[in-house]
Amino acid sequence: MAPLPKKKHSRARKGGRAAHHFLSKGALSVCQQCRSVKLPHRVCPTCGYYKGRSVVDVQDPGVQVAETDEHAGHNH
Ligand SMILES: [Zn+2]
């Protein structure tokens, strides 16, 4: 028989516990290449480098951004 909570936890109890959730801002790391703040284990959005080599070409922003206008006229 699996252990189950005997009583429903009230909103005040849940809210009181969740009051501490604002404390953590989440993980942050510094880019090795440009020293800007970025997410850990992610390609740096500023310079496009990850682990010392260029993964994403940030110098040419038209590649990924230009495609957003393509579906603008359609009404799905
Ligand atoms: Zn960077």
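This dialogue asks what lies behind the labels given to a predicted model.

Student: How do you know which residues and pairs count here?
Tutor: Local features need pLDDT of at least 70, side-chain atom pairs count only at pLDDT 80 or more, and totals for chains, interfaces and linings use all residues of this predicted model. Residues are numbered from 1 along each chain as its sequence is written.

Student: What makes up the element list of the protein chain?
Tutor: The order from the N terminus is α-β-β-β-β-α. That is two helices and four strands. Helices are DSSP runs of H or I with at least four residues, strands are E runs of at least two, and numbering starts at the N terminus.

Student: Which elements have the lowest and the highest mean pLDDT?
Tutor: Helix 2 (residues 62-65) is lowest at 52, and helix 1 (residues 11-18) is highest at 93. pLDDT is the predictor's confidence in each residue, from 0 to 100. The protein chain averages 79, and 76% of the residues score at least 70.

Student: Why is His-41 called exposed?
Tutor: His-41 has 9 other C-beta atoms within 10 Å.

Student: Why is Arg-35 exposed?
Tutor: Its count is 11 other C-beta atoms within 10 Å, so Arg-35 is exposed. Arg-35 sits in the loop between strand 1 (29-30) and strand 2.

Student: Where is His-41 found?
Tutor: His-41 is in the loop between strand 2 (37-38) and strand 3 (49-50).

Key:
A residue is buried if 20 or more other C-beta atoms lie within 10 Å of its own, exposed if 12 or fewer, and partly exposed in between; C-beta atoms are placed from the backbone.
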